[in-house]
Amino acid sequence: MAATGTRNDPLPTFCFKVELALAMGDRAEMFFKSVGGLRFETEMIPVREGGANDTIFNLPGAVKWAPIVLKRGFSGDAALVAWYQQWLAGSRKRLPTGRIIQLDTALQPRWVWTFYRGWPTKWEIGELDASKSEVVIESMEISIDGLIGRAATDADRQADRQQRRAAAAKPAMVSPPAVAPASPASAPVAAAGQGAGGMPSAPTVPGASEVPSAASMPSMPSVPSVPSVPSVPSVPSVPGVQSVPSSPSEALADAPLGQPPGTPSGWPT
């Protein structure tokens, strides 16, 4: 039966952090989009030996260290460009050491790359283009004189935990609440008196006119009355014409026996 051991999964490319001492004091954590240039190579010097025509002897030469390339989104932080400008101004300040720490998926240090005697050789900011919706990328190349990689130790993990505790203990920057400017209508007024039931009455705003009472309100003009319609005169009766009955029952009551209602008198039946 095979012995069980610790499983070593490949480390992800997106879990890392960089420690640089750009200012006076200890190294400070800085986060970047990508880190490149973690490579070195030894120069090969070919040597021909007299009489040996079947081969060329390759001798080791000097070791070449690739520059470290750091890229991040430009947020207005001038730490990198200020360091380069100080270098151009004559300070010639080198970084004694710098570290690139690879983390696992639990954000624990697994591998540490340490470079020595770094100085800036190139600073660049991405192209500004109004037709794109991308983030502006700031990049810097750092020339180094050595690079050593090693596995992270318990001391590295302990130091990482202490840095996390120190970062969590820092008080958060809380901006003071915004105070709206006072308008002329909300200027301080005199203390209000006591109203009915001990409740304070509403304060009087300077410059505001008092609401008039109902008694002092001007009365509305009266609406003129509509003239009455004159009565219609009655129609005079015509001699010899019998008046029309107002209802059928009245006509039946006034009609002679055997004569249809509404028949003029004197007509033959």
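Is Leu107 buried, exposed or partly exposed? In this predicted model, Leu107 comes out as partly exposed, at 39% relative accessibility. Leu107 sits in the loop that links E7 and E8, and its phi is near 60°, a positive value in a residue that isn't glycine.

Next comes helix H1, which runs over residues 79–88. Here Leu80, Val81, Trp83, Tyr84 and Trp87 are buried. Those residues are on the same side of H1, because they cover an arc of only 155° around the axis. As for what the buried side of H1 meets, its buried residues pack against a whole set of strands, namely E2 (28–30), E6 (68–73), E7 (95–103), E8 (109–125) and E9 (137–143). After H1 comes Gly90, with a positive phi near 115°.

The largest nonpolar core counts 19 residues, and the members that touch the most others are Leu20, Leu22, Phe32, Phe115 and Ile142. Strand E1 (16–20), E6, H1, E7, E8 and E9 each give two or more residues to this core, with H1 giving the most, at four residues.

Back in the largest core, Phe32 is worth a look of its own. Leaving aside residues up to four places away in sequence, Phe32 touches Phe16, Val18, Leu20, Leu70, Lys71, Arg72 and Leu80. Leu80 in that list is also one of the buried residues of H1, and Leu20 is, like Phe32, among the core members that touch the most others.

On the surface, Ile45, Val47, Phe57 and Leu59 form a nonpolar patch, with about 300 Å² of accessible area together. Strands E4 (40–47) and E5 (57–65) are the elements that give two or more residues to the patch. Ile45 belongs to strand E4 and counts as partly exposed, at 37% relative accessibility.

Technical notes
Residues are numbered from 1 along each chain as its sequence is written. This is a predicted model: local features need pLDDT of at least 70, side-chain atom pairs count only at pLDDT 80 or more; totals for chains, interfaces and linings use all residues. Side-chain values use heavy atoms; hydrogens and water are left out. Buried means under 20% relative accessible area, exposed over 50%, partly exposed in between (1.4 Å probe, protein chains only). The arc is that of the directions from the helix axis to the C-beta atoms. Contact means heavy atoms within 4.5 Å. A nonpolar core is a set of buried Ala, Val, Leu, Ile, Met, Phe, Trp, Tyr and Cys residues joined through side-chain atoms within 4.5 Å. Patches are made of residues with over 30% relative accessible area and no salt bridge: like charges are joined within 9 Å, nonpolar side chains (Val, Leu, Ile, Met, Phe, Trp, Tyr) within 5 Å. Accessible areas come from the Shrake-Rupley method with a 1.4 Å probe; for residues, only the protein chains shown count as cover. A salt bridge is a side-chain nitrogen of Lys or Arg within 4 Å of a carboxyl oxygen of Asp or Glu.
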